[in-house]
Amino acid sequence: MADTKEKPPALYEKQVKAYPQRIKGTFRNIKWLTLSVVLGLYYVLPWFRWDRGPSLPNQAVLMDMSGPRIYFFAIEIWPQEIYYLTGLLVLGAIGLFLATAIAGRVWCGFTCPQTIWTDLFIYVEGLIEGDRNKRIKLDKGPMTVNKIWRKTLKHTVWLVISILTGGVFIFYFANAPEILVDMVTGQASTTVYGFVALTTGMTYLLAGMAREQVCIYMCPWPRFQGSMFDEDSLIVTYEEWRGEPRGKPKKGLDSLGDCVDCNLCVAVCPVGIDIRKGQQFECIGCALCVDACDSIMTKLNRPLGLITYDSITNQNARKNGKPQTTNIVRPRTMSYAAMLLLVIGIMGYGLMNRSELEINVQRDRAPLFVHLSNGDIRNGYTFKILNMVNEEQTYTLSIDGLDDAKLWVIGVAPDPVEQVTIHVGADQVGTFRIFVSVSPDALEEHFDDMEFVLINTKTGEKTETEVAFAGPED
Amino acid sequence: MAEPEKDEFTGTMTTGHEWDGIKELDTPMPRWWVWTFYACIVWAIGYMIYYPSWPTLTDHWKGTSGYTDRKALEEELAVRDVERAVWYEKFTSQDINQIAKDNELLNFAMSGGKVIFGENCSACHGSQGSGAPGYPVLADDDWIWGGSLTAIETSIRFGIRSSHDDTRISDMPEFGDDMLEKDDIAEVADYVLALSTGKSDDDANEEGKEVYEEECASCHGEDGEGGRESGAPRLSDGIWLYDGTREAIIKQVTKPSHGVMPTWEDRLDDVSIKQVAIYVHSLGGGE
């Protein structure tokens, strides 16, 4: 063995608990702002109403599992249009790429729910147990009445927040005012309470206990977003050239750098790292260390930005006394932006030109065709009309492409006719059994082509669906 | 494989695995992950105690819950039977024509009938009643015994030439057995073939026509329109139970084949018979 003197590596690593110190500053304010906006949206969105007529739910944002439909204000998604959801996820991914290329891990540091709720939980922790030093002391100290009631209170408040979080989650899947009453009065289903318990438990566990462990070990995003950075991306870094050698300022020691080694940047870090060691994948880019360092530099009357949220290019420019540049327009960001616009365009076009009618026709395979007693050949079809409009539609259905073809619809038109009138209810799927018969003289091949012509009697919209008509082989 | 060594940048040991110069760090996993792993083991042990799991020498561990798939299925079926009882009541108390008018009952009959048909009928009549030589197509508009809901229900319930006392029965005589000469049979076969294609008007086949009117018309009708009371197939269309060739017709006149459909009264309950009758009626030929 090459390293016989080294101790064998530990089989597992204990979580080193971070005690983030409270800090004031620009980025802290931005974090409070995003936290308010995100939490505000989360709690308020289910209460918005949107009138869709009497037969449909009037909740603006709703995933109706039994419907099954997704409602988002004026947009209504049917299950077979689930690709819009895929589109949304693609949009989210490219958006993240673009944001990361421009401004580093802004998502992680400011808007990710894991960060938001952890931030909230740490704030509560600070209110009840005091700031960093008090918390460390409390944890190390013996079990006293003071410790017990503070811990109990903290966990109680955490649980209340978790229940509120989990409870609101349900509102996105059912009519919020109704389900709220049901939940409070104990009339909601076991499924509802089960999901509330699950989301509550996960919130408590992830924001209260796991915290940075989620970012470091569970989340795949930090692992590969390094590949979206370049030297022009804004990232949180320590200007080593200016800070080193670090040390407490003493008289007659002018050879020291600007860093006074106060360790405040480490104390405020929610993931418990030292930014002065350079870029690390654990860093979520929340920039609280920038606030911390700036507060010290202000006190010492030294220039700000020793820890800075800036690009590597600018850092090097400052180091070498060259002019700084902002370089947002570069091939990387432009290609992400182009992709983003393309996907937005495709989805927008799709939604604007979304058909409100879909037709599915299935020809019977057994029997392929049937001889009728008058010598005609008959085929059977299952004809489905998806009426995505919120009012009943009336259509006329006829056949094109086969001479003198007759059709009849079970339950609607029992006798062969050339055209039938059918109705499909508001926002419903109409399923019809249709038989089509022709004289064998009209057939040319084993399989002939024909079209079902469906005309909306009100709008005049004409939809042709080509299907095969089977006849005898010879 | 390289020796484990201390990585220069992270200070972590490597595992010694190396691929084209890329080395794998032996990063310790977080402790909560280990706890999760232990929790899974505990869960698995509990699971094995609660549910049937290990084989023993003569039998197997039944689990403290006593769960079996069969028991679970029986419970599900019991729930289903309770749910269906309402429907069954309506089916037994009503006439099939009334049932078919009620949209809900119709849907119940259709979905149940489809399964019953698949299990009991499609072996002979083909899936969705596509038929086979000797086994009538049920999707066309040609019926030997009638295509109304009641007629179909009767055919299913009592069968055709079955062992049931009320069975539908028809017996075409063996004309080859000292009743008609071979020549006469050939002539009448030609005449029947002409009937089926609508060319019987020309008087070319006087002899065949004569034999037909004497021997066949009483059951099959003057113009070959058939007779449902006696179960005599219509001959004036292009639909044949056996085959429409001259040889097949001669064979059928000489020594007729008589298919048998069993009575389903003993095998299917009243509700099932009504369901499957409604389903057959919907296949395309219902009258």
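**Close-ups of a two-chain predicted model**

**View 1. Thr396(A) and its partner across the sheet.** Thr396(A) has Ile455(A), in β15(A), as its bridge partner. The strands here are DSSP runs of E, at least two residues long, and helices are runs of H or I, at least four long, all numbered from the N terminus. Strand β10 of chain A (residues 393–400) is joined to β15 of chain A (residues 447–456) by six bridges, and the two run antiparallel. For two strands to count as paired, DSSP has to find at least two bridges between them.

A word on the model itself: this is a predicted model, where local features need pLDDT of at least 70 and side-chain atom pairs count only at pLDDT 80 or more, while totals for chains, interfaces and linings use all residues. Residues are numbered from 1 along each chain as its sequence is written, and chains are lettered from A and ligands numbered from 1 in the order in which they are written.

**View 2. The whole open sheet in chain A.** Its four strands come in the order β13-β10-β15-β16, with antiparallel pairing. At the edges sit β13 (419–424) and β16 (462–470) of chain A, each pairing on one side only. From one strand to the next, the twist averages 30 degrees (axes are lines fitted to C-alpha atoms, and angles run from 0 to 180 degrees between N-to-C directions).

**View 3. The largest nonpolar core.** This one has 44 residues, and Val436(A), Val276(B), Ala277(B), Ile278(B) and Val280(B) touch the most other members. A core is a set of buried Ala, Val, Leu, Ile, Met, Phe, Trp, Tyr and Cys residues joined through C-beta atoms within 7 Å; buried means 20 or more other C-beta atoms within 10 Å of the residue's own, with C-beta atoms placed from the backbone. Elements giving two or more residues include β9 (377–387) and β14 (429–438) of chain A and α4 (103–120) of chain B. The top contributor is α10(B), with seven residues.

**View 4. Around Val436(A).** Neighbours within four places in sequence aside, Val436(A) is in contact with Arg378(A), Asn379(A), Tyr381(A), Ile399(A), Ala405(A), Leu407(A) and Phe469(A). Contact means C-beta atoms, placed from the backbone, within 7 Å.

**View 5. Where chain B meets chain A.** The contact takes 28 residues from chain B and 25 from chain A. On the chain B side, α1(B) gives the most, with four residues. Two bridges join β1 of chain A (residues 12–13) to β3(B), running parallel, and Glu13(A) has Pro30(B) as its bridge partner in β3(B).

How values were computed
A residue is buried if 20 or more other C-beta atoms lie within 10 Å of its own, exposed if 12 or fewer, and partly exposed in between; C-beta atoms are placed from the backbone. Two residues are in contact if their C-beta atoms, placed from the backbone, lie within 7 Å.
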